Amino acid sequence: MTTRSEFLLGNGAIALGLLEAGCQALTSYPGTPSSEILPEMMRLMQSEGIHAYTEWSTNEKVALDTAFAAAVAGKRAACCMKQVGLNVAADSLMSSAYLGVTGALVIISCDDPGPHSSQTEQDTRFMARLAKVPVFDPSSPEEARRMVKAAMDLSAEFRLPVILRPAIRVCHARQNIAWDPIASPSGKAAFEKNPLRWAATPKFRLKLHGELNQKLQVIQGRFEALAPFNAGAAPPAPVPLGIVSGGVPSAAISDLLAEEGRTDIPILKLGAPFPFPYGLADAFMERCSRVLVLEETDTFIEYLLGDRKKVLGRLSGHVPAEGELVPERIAAVLDRVLAETGLPPLSTGPDLGVRALVEGLGLPMRRPTLCPGCPHRASFFAIRKAQPKAIYTSDIGCYTLGLNLGAVDTCLDMGAGITMAAGFYHAFAADGQAQPVVATIGDSTFYHSGTAGLINAVYNDARFILVVLDNEITAMTGMQPTPGLGLRADGSRGKTVSIEKVVEGCGIEFIRVVDPYDLSAMTRTVKDAARYTLDPDGGIAVIVARHPCVIAYRKEAIPEPKTVTVTDDCVECRLCLERFECPALYHDDAAGKTAVNQALCTGCGVCIQVCPKGAIKEV
């Protein structure tokens, strides 16, 4: 038996844990910081010679439902998503807790304190408590690996879903991890018909709720002594200060106190915080005059500890109410609490030297922007040129950066580009105003949650332009395939799902496909679409702006790169810099005009069409 060792990404450690737990089905909708789990599991499956079903699902609810069906059929299944994706799957989550499973189901919801790439900093632990399912909160990749196995076993034993909520510093950390050969998962699918359970009516849901509550009572007893996930006995004698922590902050505070050689401050780590281990927490609290709570992202543990007079945390103002608890912030919080409790301060204080050094360099700030050559930039430029007075509703994706081009006014959640466009139309139409609205949505987001809103808009006779920005990939989260490509998670070929046919099936009659690199054609098409929305016999107009992503398909996107330059005809109107905003274009102080950074330029040549003076030319 040969032991393997690898410096794994946290998401790779989770994938390894899934295989070690016997996972037979894994589904996912990609979203940072969860996106690497499924590809890592597929890579490890190949190296270990293991077969399991995997799929990129069209959205998170679909992912959970598919995994739930496998778990109902007796298999060990999992689904993974980011924390806001669990909102999409919330309805299924709530019911799956009541119905339970016959195999096992682990829901991996990756949180994003910061937030680094999310709409909110929401805390999945609260979702677990709302749904009444156990939750594990890992502090490192290795612990996440072990928790996955524990979660799968707990789910199989109690026949209910279990949540694992790794935060971004677990997902994207790296740790050297060793493992022995993994056996292929066993167990055939079998479904025992029982409508009273699997299709339970409200009367029987009441009974199932009671059964769920009984399961949670038993699991709570387990969590009271679940070392090492819940660890830290009450100190033998009263102490001025104790710390209760969970997740990544528990690792940070443990390292900090170890480096300081501080043994006077006991720590209670709650890596399995729900069902909440009240006995463990109460015994710890009784021995501490004050308790500092360090957790991300919200006040889950802090609420459940109960004794407001003793507890220091977000509610008392000692811990920042938003943002990631990085080590220097934790050190600053602890130093303040040590001073208030009369304990010796940290020997060095918070290490803010690196941050101060960087801030003192006076480096120019550069806001996030679309990649050089991105076809979305051309789409937005044409949209704004053709419909300058429109309200621009948009959606979740890299194309949200259309903000920089003045072509994105709203961004709420997945699919809201369409639904908000309809809402704006009806709000203005009720007052007799013909307010133009242009909605933009990416191809992956359209498949995720565009159709329901579009059907509703057609049904209720809304009037707006919808531009589907089709770059033939899920670009923002790591280049995963979309249904439009017909590629599946394992690289095999499936059936393609045409955006145009889906749009037509939603009841749309005006459908145009255009390459946004052709700015004149794109601008003309937007104007045609605007006229159609105003026609008494018209309606919603849909434009599919299709051009391959320049990162995923460089040769296909730009088969014949152009070398461009800026001539002396440039009058520095800055339209190409401010309205088109390509990173390869910049102001050359020495030349007194716009110039091209050839190291960044992709050679798409779209900027040649943008310049009103014809000063940008192909060499």
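I took strands, with helices, as DSSP runs numbered from the N terminus, a helix being H or I over at least four residues and a strand being E over at least two. I counted two strands as paired if DSSP finds at least two bridges between them.

The model I examined is predicted: local features need pLDDT of at least 70, side-chain atom pairs count only at pLDDT 80 or more, and totals for chains, interfaces and linings use all residues. Residues are numbered from 1 along each chain as its sequence is written, and side-chain values use heavy atoms, with hydrogens and water left out.

**Entry 1: the six-stranded sheet**

I looked up the strand order and found an open sheet of 6 strands, β3-β2-β4-β5-β7-β6, with parallel pairing. The edges are held by β3 (53-56) and β6 (135-136); each has a single partner strand, so one side of each is left without a neighbour in the sheet. Within this sheet I examined β5 (residues 104-110) and β7 (residues 162-164), which run parallel and are joined by 3 bridges. Val106 stands opposite Val162 of β7.

**Entry 2: the five-stranded sheet**

I then traced an open sheet of 5 strands in the order β14-β15-β16-β18-β17, with parallel pairing. At its edges stand β14 (391-393) and β17 (510-514), each with a single partner strand, so one side of each lacks a neighbour in the sheet. On average, neighbouring strands here are turned by 20° against each other, direction ignored. For such angles I used axes that are lines fitted to C-alpha atoms, for helices over the stretch in contact, with angles running from 0 to 180 degrees between N-to-C directions.

I checked β14 against β15 (residues 437-442): the two run parallel and are joined by 3 bridges. Ile391 stands opposite Val437 in β15.

Helix α16 (residues 375-386) touches β14, β15, β16 (465-470) and β18 (541-546), and its direction makes about 165° with that of β16. Helix α18 (residues 443-459) touches β15 and β16; its direction makes about 130° with that of β15.

**Entry 3: Thr393**

Where does Thr393 lie? I located Thr393 in strand β14. Its relative accessible area is 0%, so I recorded Thr393 as buried (buried means under 20% relative accessible area, exposed over 50%, partly exposed in between, with a 1.4 Å probe and protein chains only). Leaving aside residues up to four places away in sequence, Thr393 touches Thr410, Gly417, Met420, Ala421, Phe424, Val437, Val438, Ala439 and Thr440.

**Entry 4: cis peptide bonds**

I noted a cis peptide bond between Phe274 and Pro275, with omega of about 0°. Pro275 is in the loop between β11 (267-270) and α12 (278-286). I also found the bond from Glu296 to Thr297 to be cis, with omega near 5°. Thr297 is placed in the loop between β12 (288-294) and α13 (300-305).

**Entry 5: positive phi**

Which phi value does Glu472 have? I read a positive phi of about 65° for Glu472, although this residue is not a glycine. Glu472 is in the loop between β16 and α19 (499-505). Its relative accessibility is 24%, and I therefore listed Glu472 as partly exposed.

Met479 is found in the loop between β16 and α19. I noted its phi near 70°, a positive value in a residue other than glycine. At 30% relative accessibility, Met479 counts as partly exposed.

Conventions
Contact means heavy atoms within 4.5 Å.
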